[in-house]
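Biologist: Hi! Could you walk me through the aromatic rings here?
Modeller: Happy to, let's look together.

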Amino acid sequence: MAYKDLQHFLKKLEAEDELIYIDELVSRDLEITEISDRVMKAREKNKAIIFRNVEECDYPLCINIFGSDKRMCMALEVDSLNDIGDGIRDFMELQNYKGIFNQVMALPKLARLYFSFPSKLSVGTPPCQQVIDEEVDLDRIPILKCWPQDGGRFFTMPLVFTKDPETGTQNVGMYRMQVFDKKTTGMHWHLHKDGKEIYEKYRKLGIKKMPVSVVVGSDPATIYSATAPLPKMIDETMLSSYLRKRPLQLVKSVTNDIYIPANSEFVFEGYVDIDEDYRLEGPFGDHTGYYSLADMYPVFHVEKITHKKNPIFDATIVGMPPMEDCYLSLATERIFLPLLSLTIPEIKEMHLPFEAVFHNGALLRAETAYPKHASKIVNAMWGMGQMMYQKLMVVYDQKIDLRDYKLAFETFIRNTDFSEDIMITEGPLDALDHSSINKYHGARVGFDSTLKSEDKLFGLDSSETIDIANKFKTIEIDNKVCAIAIQIEKHTPEEIKVIRETIIADSKLSQIKLVVVVDQYTDVDSYGYIAWRLFNNIDANRDFTVNGKQLIIDATRKLPIENGGREWPDDIIMDEEIVKMVTEKFGDKDVF
């Protein structure tokens with residue numbers, strides 16, 4: 001049975017011991033983030049949270065509702081996220097049901113398709129409009145300032161509803177919104193997003209005001225659907241209805257013709273003035289683990305706030321993984337694999353590592369039939385919607401578990417000849433990518449790690465001593481040091497040139513197949529930390545050096561002179577005073 005709303009889901013989480021309440025008075029500025037970040041990165045105590053006493057605010061706040069495998073499955077009401085992908089695959093195969101018997105057997109699947117269409121509620125007062133505030137005042141809402149360098153407080157889990165002025169098709173996206181004052185926010189839709197495309201249509205048609213309704217808090221399937229990378233102009237409420245197994249009830253907004261979920265906790269109705277100048281928004285501690293830089297975005301004017309009688313504000317925080325958003329990405333990976341396979345049938349499995357923050361890395365298992373088949377697959381993937389952002393892809397053809405990182409890395413090292421199995425091309429990149437010389441586009445790389453005629457493994461004999469003053473971490477396979485991460489203090493382009501030349505000239509270091517160079521900001525003892533830096537900090541054209549069959553990767557932060565003049569963002573780090581305060585306040589409580 002579908003959850004009727006967010007609070008229904010929260011009660012289910014509580015019943016499953018997946019929810020904790022925090023009653024202490026807490027600040028929405030930084031303190032909630034520090035508490036939530038610790039809980040998200042805990043293991044046994046990683047649970048959803050309701051903060052019932054937020055300073056200067058009228059409403060409670062919930063966070064981390066999707067932040068584990070179990071809660072993500074609970075949110076979409078499945079035993080395994082693979083179950084949803086299997087269901088989508090069944091729909092694709094309906095054309096194979098021929099004959100009266102098979103057609104009768106297919107009726108349950110057809111019924112599920114029927115319920116994938118939302119319905120419009122036209123009678124009675126919907127829950128989301130039980131209260132209509134006479135005065136708009138965003139200061140009363142528990143909107144978070146997440147990280148010290150953030151430009152202000154941000155909506156972090158908003159469902160932004162817009163309507164195409166030409167087709168009438170609605171779109172739902174999740175775009176962060178910085179609060180400018182009591183009645184206005186930013187509207188952070190990126191260049192490649194549907195919201196921006198609809199905005200440009202209003203501009204071309206000369207329509208001065210673009211209506212927007214923003215929902216915060218709905219049933220979990222609807223919240224998830226706003227994050228899903230659907231084909232352009234496909235209504236996300238259809239995906240929500242499909243996932244819920246029953247129609248999502250929609251109701252007309254009070255001030256415009258946009259239909260929003262009747263079960264919403266809060267609705268912020270208003271408009272974007274097409275003729276109004278953009279306003280500086282950001283910086284913002286983003287899901288990459290870095291601050292995204294301040295930039296100019298449209299302004300959203302809030303005209304009306306409606307909500308339930310006793311609503312709960314839904315938020316999230318993002319930062320260095322693992323965080324709550326990683327599990328939303330995991331759901332997308334599982335749900336959309338069948339759609340990828342429909343267009344690229346060779347693909348049998350896909351995994352998006354948390355350290356790659358959605359768009360910086362993908363592992364693929366595929367059936368290959370001829371030399372360089374992996375190249376065809378990678379290029380096809382770059383042509384698939386938001387997969388165009390993937391900066392690094394690895395193609396395997398063996399039946400390995402892509403989530404077994406040790407095995408995946410060993411197979412990568414064994415099967416890849418760096419002198420001929422690397423594909424580098426220029427193309428679009430996510431707006432949050434900071435390491436490309438150009439904004440919005442740059443180098444993307446694919447590796448052919450399919451099985452070749454012979455093992456490509458080589459390395460330095462593990463009995464040898466590595467003579468280098470720098471701190472380093474090695475990986476051994478078959479008693480050979482085949483990969484090494486070397487930490488340097490890099491302050492100038494000349495320094496990375498020196499270490500690169502040292503590696504190539506050194507009789508021992510040059511025998512190591514893969515060398516990753518990181519800087520003093522990287523925990524070289526953590527493979528996960530190294531992977532996170534590598535996925536985030538590379539531009540393959542600038543940072544890859546192929547030395548025979550050895551690959552040297554510069555994963556250090558870059559100076560503007562090396563980065564096309566672009567500023568390199570800071571890591572997200574919490575203020576020490578906030579860390580200390582939270583430790584003292586909750587040190588003797590069973591929270592983290």
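Biologist: Which residue lies over the face of Tyr 521?
Modeller: Arg 557 does, at 5.2 Å from the ring centre. A charge sits over a ring if NZ of Lys or CZ of Arg is within 6 Å of the ring centre and within 35 degrees of the ring normal. Likewise, Arg 279 lies over the face of Phe 180, 4.1 Å from the ring centre.

Biologist: What should I know about the model itself?
Modeller: This is a predicted model, where local features need pLDDT of at least 70, side-chain atom pairs count only at pLDDT 80 or more, and totals for chains, interfaces and linings use all residues. Residues are numbered from 1 along each chain as its sequence is written, and side-chain values use heavy atoms, with hydrogens and water left out.

Biologist: How many aromatic pairs are there?
Modeller: The count is 18. Rings of Phe, Tyr and Trp (its six-membered ring) pair if their centres lie within 6.5 Å; planes under 30 degrees apart are stacked, over 60 edge-to-face, the rest tilted. One of the pairs is Phe 266 with Phe 268, stacked at 6.0 Å centre to centre with 15° between the planes.

Biologist: Are those two buried or exposed?
Modeller: Phe 266 is buried, at 0% relative accessibility, and Phe 268 is buried at 0% as well. Buried means under 20% relative accessible area, using a 1.4 Å probe and protein chains only.

Biologist: New topic: why is the pair of Tyr 327 and Phe 354 edge-to-face?
Modeller: Because their planes are at 70°, with the ring centres 5.3 Å apart.

Key
Buried < 20%, exposed > 50% of the residue type's maximum accessible area, 1.4 Å probe, protein only.
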